[in-house]
Amino acid sequence: MKAFNVLAALVLVAPGVRADVESGPKAGEKVPALKAFGVVGSVEGKEADFAADRKDAPTVYLFVKAEDGGLPVGGRPLGRFMKALDTEAGKLDGVAVVAVWLGDKAFDKHKEYLPKINMSLKFERTSLAAFDGDKAGPNNWAVNADAHLTAVVVHKGNVVKSFAYESVNETDVTAVVNELKKATDKK
């Protein structure tokens, strides 16, 4: 009977244990600078400030926690999320996705890996970049190093909403796209 009570308690607590972490800037905040090395997409082969380049345009910034070799910690499910988001972004006017690979001392490996992921997933609206710095990402973006993926929806230079995931797949795209649609429908 005691074992049953412990098992029942674990079942009740387990959903809270899996809860996603907080990561990314808060809604309403001005978008901070985002300097990263562009590998594939709108900027290639040089460092750029992606936030300045996108200015007021609707954008989803993804901060991807990656292994030393460039593989995203979320593996294939994260890849499916990115592909689904890229597809949905293609249906919305002026929307782009900027995915920034984060990792400790893995900058060169990430630059080598990103063309491979682009070749595999064939992104149309997603730029891929590598961040050369701390695994928590660029200053002022409040990226939690424990999050496998942080998605930040931005419109008119302000954060609409940040999403953080310890586990992600293509079904999670709906919430991100819904926030993007709400923001871009407001004139």
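**Exercise 1. Decide whether Phe81 is buried or exposed.**

Solution. Phe81 has a relative accessibility of 0%. Buried means under 20% relative accessible area, exposed over 50%, and partly exposed in between (1.4 Å probe, protein chains only). Phe81 therefore counts as buried. Tyr165, at 5% relative accessibility, counts as buried too.

A note on the source: this is a predicted model, in which local features need pLDDT of at least 70 and side-chain atom pairs count only at pLDDT 80 or more, while totals for chains, interfaces and linings use all residues. Residues are numbered from 1 along each chain as its sequence is written, and side-chain values use heavy atoms, with hydrogens and water left out.

**Exercise 2. State how many aromatic pairs the structure holds, and classify the pair of Phe81 and Tyr165.**

Solution. Step 1: the structure holds five aromatic pairs. Rings of Phe, Tyr and Trp (its six-membered ring) pair if their centres lie within 6.5 Å; planes under 30 degrees apart count as stacked, over 60 as edge-to-face and the rest as tilted.

Step 1: the ring centres of Phe81 and Tyr165 are 6.0 Å apart and the planes stand at 55 degrees, so this pair is tilted.

Step 2: Phe81 belongs to helix α3 (residues 75-89) and Tyr165 to strand β7 (residues 158-165), so the pair ties together parts that are 84 residues apart in sequence. Helices (H or I, at least four residues) and strands (E, at least two) are DSSP runs, numbered from the N terminus.

Step 3: Tyr165 also forms an aromatic pair with Phe163, which is stacked, with 6.5 Å from centre to centre and 0 degrees between the planes. Both Phe163 and Tyr165 are buried.

**Exercise 3. Describe the surroundings of Thr150.**

Solution. Step 1: Thr150 lies in strand β6 (residues 149-155). With a relative accessible area of 0%, Thr150 is buried.

Step 1: the side chains of Thr150 and Ser23 make a polar contact at 2.7 Å. A polar contact is a pair of N or O atoms within 3.5 Å; within protein, one must be able to donate a hydrogen and the other to accept it, and residues adjacent in sequence count only if both atoms are side-chain atoms.

Step 2: leaving aside residues up to four places away in sequence, the residues that Thr150 touches include Ser23, Tyr61, Phe63 and Phe163. Contact means heavy atoms within 4.5 Å. Tyr61 and Phe63 form one aromatic cluster with Trp141.

**Exercise 4. Give the strand order of the sheet and name its edge strands.**

Solution. Step 1: the protein has five helices and seven strands.

Step 1: seven strands form an open sheet with mixed pairing, in the order β2-β1-β5-β4-β3-β6-β7. Two strands pair if DSSP finds at least two bridges between them.

Step 2: β2 (46-49) and β7 are the edge strands, since each pairs on one side only.

**Exercise 5. Work out how strand β5 is paired and covered.**

Solution. Step 1: β5 (residues 126-130) is joined to β1 (residues 35-40) by three bridges, and these two strands run antiparallel. The bridge partner of Phe37 in β5 is Ala130.

Step 1: β5 also pairs with β4, in the parallel sense, over five bridges. Opposite Ala130 in β5 stands Trp101.

Step 2: in a regular strand the side chains alternate between the two faces of the sheet. In β5, Thr126, Leu128 and Ala130 on one side and Ser127 and Ala129 on the other are all buried.
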